[in-house]
Amino acid sequence: MTAPGARPIVVGRVRRPHGLKGEVTVFPLTDDPAAIFGPGRALWVVDLEGRVVGGPHEVERSRAYHREWLVKFRGMEGREPLEALRHGFLAVPEHELPALAADEVYVGDLAGFAVQDEAGQALGVVTDVFELPAGLVIEVQGPKREFLLPYVGEFVRDVAREARRLVVRVPDGLLD
């Protein structure tokens with residue numbers, strides 16, 4: 001990426017070329033796609049393992065399109081060059097993104113977070129994160145067994161990013 005050791009943060013998933021004018025459809029994985037896919041932004045292509053495999057590609061223009069975004073990269077004309085991007089992920093270096101709030105965390109960083117209940121009792125460690133149609137779910141490996149917990153405000157009460165800890169409210173009967 002632009003700086004040695006710069007960590008790529010995935011901001012979108014490339015779906016497919018759109019039309020004949022060099023646009024590609026991108027499913028945004030960011031809260032602010034207008035800024036992330038704005039003209040002049042350099043985006044990198046990463047694979048499923050998070051390795052940079054292409055780029056930088058400069059955004060020439062972009063626009064919202066239903067739940068996706070149409071992005072045109074400078075110098076990429078027609079459908080052919082865009083086929084190589086199909087099913088890849090777009091990323092930017094972490095230092096180019098706005099700073100996270102104290103209670104925010106990148107989804108990819110959740111594995112390894114300690115999980116405790118509101119009384120301070122240790123429940124386990126986050127071992128995986130699943131993106132389901134209903135939203136994110138974390139897998140917690142506890143002392144006796146693992147359990148799944150939706151990653152929503154109703155259950156995740158506090159995120160301490162620096163301490164790598166989540167405080168959760170466990171639904172009645174989940175740990176029985």
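**Entry 1. Strand S1 and its partners**

I started with strand S1, residues 8–18, and found it joined to S6 by five bridges, the two strands running antiparallel. Gly 12 is the residue I picked out here, and it stands opposite Leu 90 in S6. I note that the model is a predicted one.

I then followed S1 to its other pairing. Strand S2 covers residues 23–28 and pairs with S1 in the antiparallel sense over six bridges. On this side I noted Pro 17, which stands opposite Val 24 in S2. S1 and S2 make a hairpin with four residues between the strands. Within that hairpin I found Gly 19 with a positive phi near 70°.

**Entry 2. The chain as a whole**

I stepped back to look at the whole chain. I counted two helices and twelve strands in its secondary structure. Along the sequence I read the order as β-β-α-β-β-β-α-β-β-β-β-β-β-β. I took the box along the principal axes, and the C-alpha atoms fill roughly 60 × 35 × 25 Å.

How much of the protein chain is made up of buried residues? I have 38% of the 176 residues down as buried. For contacts with a separation of 6 or more, I find that 51% come from residues 24 or more positions apart. The accessible surface comes to about 10100 Å², and carbon and sulfur atoms hold 52% of that.

I also looked up the charges. The chain carries 21 positive and 27 negative side chains. The centres of these two sets lie 6 Å apart.

**Entry 3. Lys 72**

I went to Lys 72, which lies in strand S5, residues 68–73. Is Lys 72 buried or exposed? Its relative accessible area is 2%, so I wrote Lys 72 down as buried, the cut-off being under 20%.

I next looked for what surrounds this lysine. Leaving out residues up to four places away in sequence, I found that Lys 72 touches Lys 21, Gly 22, Glu 23, Glu 58, Val 59, Glu 60, Arg 61 and Glu 77. I also checked the polar atoms of the Lys 72 side chain, and one of them lies 2.9 Å from the backbone oxygen of Met 76.

I checked the peptide bonds and marked the one from Gly 55 to Pro 56, which is cis with omega near 5°. Pro 56 belongs to strand S4, residues 52–65.

I moved on to His 66, found in the loop between S4 and S5. His 66 has a positive phi of about 55°, although it is not a glycine.

**Entry 4. The loop between H2 and S6**

Which loop holds Ala 84? I placed Ala 84 in the loop between helix H2, residues 80–83, and strand S6, residues 89–93. I have Ala 84 as exposed because its relative accessible area is 69%, and exposed means over 50%. I took the C-alpha to C-alpha distance from Ala 84 to Ala 64 as well: the two are 22 Å apart in space and 20 residues apart in sequence.

His 87 lies in the loop between H2 and S6. I noted a positive phi of about 70° for His 87, which is not a glycine.

I finished with a run of hairpins. S8, residues 122–132, pairs with S9, residues 135–141, in the antiparallel sense over seven bridges. Two residues make up the link of the hairpin from S8 to S9. What is the bridge partner of Val 126 in S9? I read it as Val 140.

S9 is also joined to strand S10, residues 146–150, by five bridges, and I read these two strands as antiparallel. Here the bridge partner of Ile 138 is Leu 149 in S10. S9 and S10 form a hairpin with four residues between them.

How values were computed:
Residues are numbered from 1 along each chain as its sequence is written. This is a predicted model: local features need pLDDT of at least 70, side-chain atom pairs count only at pLDDT 80 or more; totals for chains, interfaces and linings use all residues. Side-chain values use heavy atoms; hydrogens and water are left out. Buried means under 20% relative accessible area, exposed over 50%, partly exposed in between (1.4 Å probe, protein chains only). Contact means heavy atoms within 4.5 Å. Accessible areas come from the Shrake-Rupley method with a 1.4 Å probe; for residues, only the protein chains shown count as cover. Lys and Arg count as positive and Asp and Glu as negative; His and the chain ends are not counted. The place of a charge is taken as NZ of Lys, CZ of Arg, CG of Asp or CD of Glu. A polar contact is a pair of N or O atoms within 3.5 Å; within protein, one must be able to donate a hydrogen and the other to accept it, and residues adjacent in sequence count only if both atoms are side-chain atoms. Two strands pair if DSSP finds at least two bridges between them.
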